[in-house]
Amino acid sequence: MALLCEGLGLRGETLEEASCLEGKLMVCHYYPVCPEPERTMGIVPHTDPGVLTVLAQDGVGGLQVKHTNEDGESYWVDAKPVPGALVINVGDLLQIMSNDKYKSVEHRVVMKSHEEARVSSAIFYNPGKRGDSVFYGPLPDLISSGNPPKYRNFTMSEFLGAFFKRDLASKALIEHFKI
């Protein structure tokens, strides 16, 4: 988190002080062997809602990240597993808090193997402070007359409510809070 703050030109403690490491949720996925992987989708394209996702994947692979080139053309790129490495995804909440300096990562999982099962484990980091008087939105130190806020402030209750009402494959969560 301190490196992310440094990249934004903020004090290293800023995201931690906003309780961004306090809420954690671990999710494990098991994708069984598939006789016809080309006819199966693992997980639909989506972005993660929270601040940050840390993913450990096995050697089978299947994670793909959407890349958009300078001409505006988008295509999927394999995030090939590297032994011992972790994949770090920026989530929607960090995109909002950074006022679009960081972008949430659109990704999906495709079935790659008809010989081996795929296993992955992810930890989703979210703010731990959830009271009705605790607001999230663009970090104040990132806002100026030259860089006005792109999102409105909200509580975590409102944020999670919007998350659970949307379709997983939708960017409606980010759009819901845009000014």
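Which residues are exposed on the other side of H4? They are Phe 164 and Lys 165.

## Basis of the model

This is a predicted model, in which local features need pLDDT of at least 70, side-chain atom pairs count only at pLDDT 80 or more, and totals for chains, interfaces and linings use all residues. Residues are numbered from 1 along each chain as its sequence is written, and side-chain values use heavy atoms, with hydrogens and water left out.

## Helix H4

Helix H4 spans 156-165; helices (H or I, at least four residues) and strands (E, at least two) are DSSP runs, numbered from the N terminus. Its buried residues are Met 156, Phe 159, Ala 162 and Phe 163. Here buried denotes under 20% relative accessible area, exposed over 50%, and partly exposed in between (1.4 Å probe, protein chains only). Viewed down the axis of H4, these buried residues fall within an arc of 130°, so they line one face of the helix; the arc is that of the directions from the helix axis to the C-beta atoms. An α-helix has 3.6 residues a turn, so residues three or four places apart point the same way.

The buried residues of H4 pack against H3 and H5, where contact requires heavy atoms within 4.5 Å.

## Nonpolar cores

A nonpolar core is a set of buried Ala, Val, Leu, Ile, Met, Phe, Trp, Tyr and Cys residues joined through side-chain atoms within 4.5 Å. The largest has 30 residues, of which Leu 15, Leu 94, Met 97, Phe 159 and Phe 177 touch the most other members. At least two residues of this core come from each of helix H1 (2-8), strand S3 (52-57), helix H3 (92-97), helix H4 and helix H5 (172-177). Apart from it lies another core, of ten residues, including Ile 43, Leu 63, Ala 79 and Ala 122.

Not counting residues up to four places away in sequence, Leu 94 touches Leu 4, Leu 15, Gly 50, Val 51, Leu 52 and Tyr 102.

## The largest pocket

The volume of the largest pocket is about 520 Å³. Its lining comprises 28 residues, and those closest to the pocket centre are Val 27, His 46, Asp 48, Pro 49 and Phe 124. On a 1 Å grid over the protein atoms alone, a pocket is an open set of points where a 1.4 Å probe fits, with protein on both sides within 12 Å along at least five of seven lines; lining residues have an atom within 4 Å of a point.

Strand S8 (118-126) is among the elements that each supply at least two lining residues, as are S1 (23-31), S2 (41-46) and H4. S8 gives the largest share, five residues. By class, the lining divides into 15 nonpolar, nine polar and four charged residues.

## Loop residues

Ser 19 lies in the loop between helix H2 (14-17) and S1 and is buried, with a relative accessible area of 1%. Beyond residues up to four places away in sequence, Ser 19 touches Asn 126, Pro 127, Gly 128, Lys 129 and Tyr 136.

Pro 148 is located in the loop between S8 and H4, and Asn 153 is likewise in the loop between S8 and H4. Pro 148 is partly exposed at 45% relative accessibility, and Asn 153 is partly exposed at 46%. Leaving aside neighbours within four places in sequence, Pro 148 is in contact with Asn 99 and Ile 143, whereas Asn 153 is in contact with Phe 135, Tyr 136, Gly 137 and Pro 138.

Terms used
Grid points are joined across faces, edges and corners, and a volume is the space filled by probe spheres set on the points. Ala, Val, Leu, Ile, Met, Phe, Trp, Tyr, Cys and Pro count as nonpolar, Asp, Glu, Lys and Arg as charged, and the others, Gly among them, as polar.
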